[in-house]
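Dear colleague,

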Amino acid sequence: MGKRWLGLLAAGLLAVGALIPAAPAMAAPTFKVPFPCGQSWSGQTRTGHSPAYAVDFNRTDDLGDPVVASAPGTVDRVTDLGGTSYGKYVRINHGGGYSTYYAHLNGFNVSVGQTVGYGKVIGWVGSTGGSTGPHLHYEQRLNGADIQVRFNGSLALYWGTKTYTSDNGCASSSGSGTVNTSGTPLTVRSGPGTGYAAVGTVADGTRVTIHCQTSGTSVTGTYGTSTIWDRIGSGRFIADAYVYTGHDGYIPGVPRC
């Protein structure tokens with residue numbers, strides 16, 4: 001095959017590739033404060049921390065206090081490094097490249113391969129490894145690199161100390177809303193975004209039960225522009241911009257997906 005034909009073939013392949021849309025990136029999990037519901041903890045960030053975006057959590061007499069999973073996932077590391085570094089720590093894989101680390105633990109309450117959800121006790125606050133006193137060293141990572149920590153989608157304080165109150169594992173209920181599209185059926189997606197597969201429709205005027213809400217693709221609809229998506233069933237999401245819920249934003253009491 002001549003160089004000219006090779007060049008044309010390469011150009012054609014590039015053109016075809018350009019027509020294939022990239023798979024939508026998975027939305028970040030809704031991370032929660034890694035302590036039981038209702039507890040308040042002091043979280044500190046500092047520029048000299050390693051890694052930089054980790055949060056150190058403290059409160060009075062916290063040695064032995066339970067630490068819980070900050071989002072659903074699978075435990076993929078339960079390690080004891082002895083008197084160095086993280087000491088006893090747990091890592092949870094949340095999918096989509098996201099993971100969390102819980103370090104300097106006093107002990108473990110999970111094993112590798114175990115599936116955990118919100119509020120599951122994974123260990124207890126300790127002072128193992130390179131720690132100079134009881135506290136929880138907490139990280140969120142994406143594809144192995146530490147990222148700035150967010151709780152319920154809100155950025156942690158950088159840099160300084162802030163009190164965080166946990167809603168992790170709190171009892172919650174579903175919400176409801178009415179689809180309003182001025183007549184056109186609303187597309188139901190397999191995930192929280194317009195890039196996900198269409199898996200059905202919901203008729204205008206339908207009353208829906210909202211099991212949880214999350215952030216996804218920005219959509220402009222009947223009620224303005226919003227990044228909120230409502231899960232109305234397993235693998236079934238609709239854009240909140242087309243749903244009347246009586247609330248401007250997230251519905252109080254409805255969990256984040």
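Asp-65 forms a salt bridge with Arg-59, their closest N and O atoms lying 3.0 Å apart, where a salt bridge is a side-chain nitrogen of Lys or Arg within 4 Å of a carboxyl oxygen of Asp or Glu. Please keep in mind that this is a predicted model, in which local features need pLDDT of at least 70 and side-chain atom pairs count only at pLDDT 80 or more, while totals for chains, interfaces and linings use all residues. Residues are numbered from 1 along each chain as its sequence is written, and side-chain values use heavy atoms, with hydrogens and water left out.

In this pair Asp-65 is buried, at 14% relative accessible area, whereas Arg-59 is partly exposed at 31% (buried means under 20% relative accessible area, exposed over 50%, and partly exposed in between, with a 1.4 Å probe and protein chains only).

A salt bridge also joins the side chains of Arg-91 and Asp-76, at 2.9 Å from N to O. Arg-91 belongs to strand β5 (residues 88-95) and Asp-76 to strand β4 (residues 73-80), so this pair ties together parts that are 15 residues apart in sequence; strands (E, at least two residues) are DSSP runs, numbered from the N terminus. Here Arg-91 is buried, with 17% relative accessible area, and Asp-76 is partly exposed at 29%.

Asp-56 and Arg-46 meet in a salt bridge as well, at 3.1 Å from N to O, with Asp-56 in strand β2 (residues 55-58) and Arg-46 in the loop between β1 (40-45) and β2, ten residues apart. By this rule, the count comes to five salt bridges.

Definitions and conventions: Helices (H or I, at least four residues) and strands (E, at least two) are DSSP runs, numbered from the N terminus.
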